[in-house]
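The text follows the sequence and the structure shown here.

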Amino acid sequence: MLNFSFTEEQDYFRKMLREFAKEELLPNYSKWDREGIMPRHLWRKLGELGVNGLRIPLEYEGSGADCVTAGIAAEELGRGDFNLTYAVMLNGLIGEIITNHAREELKREWLPMIARGEKIVGIAITEPSAGTDAGGIKTTAVRKGNVFVLNGEKSGISVATVGDAFIVFAKTNPELGNRGISAFIVPADLPGVECKGYEDMGNIAVGRGSVYLNDVEVPEENLIGMENNGFYQVMNGFDLSRLLIGLQCVGAASQSIDETIEHVKMRTSFGQPLANYQGVSFPLVTHYTQLELIKWQAYRGLWLRDQGVDHSKESSSVKWLGPKYSVEAIHECLLLNGHYAYTKEMAHEQRLRDVIGLEIGDGTAQANMMVIAKKIIGKEFRSVPVKK
Ligand SMILES: Cc1cc2nc3c(=O)[nH]c(=O)nc-3n(C[C@H](O)[C@H](O)[C@H](O)COP(=O)(O)OP(=O)(O)OC[C@H]3O[C@@H](n4cnc5c(N)ncnc54)[C@H](O)[C@@H]3O)c2cc1C
């Protein structure tokens, strides 16, 4: 049986979020960008709508929804406010990591607050000297009695300036490479934690920055999962976040395409609507087609995840081409809207700046191609890290 339809509940959820995105998010999308504000009240509103807790079980005040439903949220919110879709992606990833690997007390403490949108939790892996090569991180976590003492710098971290806590990855056994990394939940108000924002070209409302850890004493209960196993726990989570990112980007680009279709029907040149010219309509058709392909590959990947079937290569294919096709589509829309679209009066320029960020965040195109190559060619043919 091959069935591409969504359930009635999913259709209703999509309709509700599309209206919410249009009425409440889109009119203020550029406001947060201009003012440099992360709209925490909207994050809480998403809690009321059940969006933050999609991948959190009902017993921890989540919605206990499937991954396909989380994809719908990412796509629809992307139409209204791309930066707010970080709530779907981060809470989906973090909700799953805490649910699947943390101790019961940590789940009871954090999951309801995340689901309600009261607390914002980021994920901190990247460092100044290790991004794509995540196994090369240098932050250390040294056991001292019943605490771990963390030292290092995490860079490029989404929600760094507004996060209430971070899931931090640190080396508990530097000798063991990837197999010596552990994950901890680190509240941002612990002594020794310092967060500094960046002046990014986009995603301004996300508050990306560095998280500095100076002799931070983290209770051993905050260890997530098994010691030295952090790397493998989060890698599986990326298979979800990468699919959601693809849909976030497709949502934003589809909104630009819809707005541009309206524009080219109304605007005339040489006595005819722009839409009459194939030089105008064919690029729109090209981008629409590419976005549709990504969209269905993304939902397929999410469906495979819901079935418990391996979906790493589907996820990586969506992550490397989804943001790329979306950036190309938005760029074309900007051009088809003429010079006004080059001003900040229209949303295309901001969408372009915002979506480019996720060509890098959560793994670049090359990082994702490495995953696919390993799957289709074989892991014995991957590039091997040089031993120092
Ligand atoms: C908007 C945004 C949000 C982010 N949010 C987070 C977050 O919340 N948490 C977090 O931990 N990190 C986050 N990051 C960081 C992000 O994950 C890293 O930037 C990314 O993994 C790339 O690492 P890097 O910047 O160190 O680049 P590098 O790893 O130095 O790579 C530089 C370039 O070289 C290429 N490259 C590297 N190795 C290879 C190879 N073997 N073969 C071919 N090409 C290669 C890369 O593809 C890239 O083009 C975010 C980044 C951005 C832009």
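Two residues are said to be in contact when heavy atoms of theirs lie within 4.5 Å. The model described here is a predicted one. With that cut-off, and leaving aside neighbours within four places in sequence, I167 is in contact with I94, I97, I98, V121, G122, I123, A124, A183, F184 and I224.

## Nonpolar core

I167 also belongs to the largest nonpolar core, which has 113 residues. The residues with the most contacts inside this core are I123, I167 and V186. Helix α7, residues 230-266, gives the most to the core, with 14 residues. In soluble globular proteins, nonpolar side chains tend to be buried together.

## Domains

The protein chain is divided into domain 1 (8-119), domain 2 (122-228) and domain 3 (231-381). Between the C-alpha centres of domain 1 and domain 3 there are 20 Å. Contacts join 28 residues of domain 1 to 33 residues of domain 3.

## Pocket and cavity

Where does the second largest pocket lie? Both domain 1 (8-119) and domain 3 (231-381) give residues to its lining, so the second largest pocket lies between them. The space in this pocket is about 490 Å³. Its lining has 17 residues, and those closest to the centre of the pocket are N3, F4, S5, Y299 and W303. Helix α8 (residues 278-307) supplies seven residues, the largest share of the lining. By class, the lining of the second largest pocket comprises nine nonpolar, five polar and three charged residues.

The structure holds one cavity of 30 Å³ or more, and the space in the largest cavity is about 60 Å³. Which residues line the largest cavity? They are M38, P39, W43, D81, N83, L84, Y86, V159, A205 and V206. Eight of the lining residues of the largest cavity are nonpolar, one is polar and one is charged. Domain 1 (8-119) and domain 2 (122-228) each contribute at least three residues to the lining of this cavity.

## Residues with positive phi

Most residues other than glycine have a negative phi, and most peptide bonds are trans. V159, one of the residues lining the largest cavity, has a positive phi of about 60° although it is not a glycine. The position of V159 is in the loop between β3 (147-157) and β4 (165-171). Is V159 buried or exposed? Buried means under 20% relative accessible area, and V159, at 1% relative accessibility, therefore counts as buried.

E61 also has a positive phi, near 70°, and is a residue other than glycine. The loop between α3 (40-48) and α4 (67-80) holds E61.

## Buried polar and charged residues

Three further residues are set out below with their relative accessible areas.

| Residue | Relative accessible area | State |
|---|---|---|
| N52 | 1% | buried |
| N203 | 5% | buried |
| E349 | 11% | buried |

N52 is found in the loop between α3 and α4. Not counting residues up to four places away in sequence, N52 touches W43, L46, G47, A87, N91, I114, A115, R116 and G117. W43 is also one of the residues lining the largest cavity. N52 and R108 are 56 residues apart in sequence, and their C-alpha atoms are 16 Å apart in space.

N203 is located in the loop between β6 (193-197) and β7 (209-219). How many residues apart in sequence are N203 and D354? The separation is 151 residues, while in space they are 4.8 Å apart, C-alpha to C-alpha. With neighbours within four places in sequence left aside, N203 is in contact with F82, N83, Y86, D354 and G357. Of these contacts, N83 and Y86 are among the residues that line the largest cavity.

E349 is placed in helix α10, residues 348-360. Beyond the neighbours within four places in sequence, E349 is in contact with R34, L334, A341, T343 and K344.

Definitions and conventions. Residues numbered from 1 in each chain as written. Predicted model: local features only at pLDDT ≥ 70, side-chain atom pairs only at ≥ 80, totals over all residues. Heavy atoms only, no water. 1 Å grid on protein atoms, 1.4 Å probe; cavity = no way out; pocket = protein on both sides within 12 Å on 5 of 7 lines; lining within 4 Å. Points joined across faces, edges and corners; volume = space filled by probe spheres on them. Helix = DSSP H or I, 4+ residues; strand = E, 2+ residues; numbered from the N terminus. Nonpolar A, V, L, I, M, F, W, Y, C, P; charged D, E, K, R; others polar. Domains from an automatic or database assignment. Core = buried A, V, L, I, M, F, W, Y, C linked by side-chain atoms within 4.5 Å. Buried < 20%, exposed > 50% of the residue type's maximum accessible area, 1.4 Å probe, protein only.
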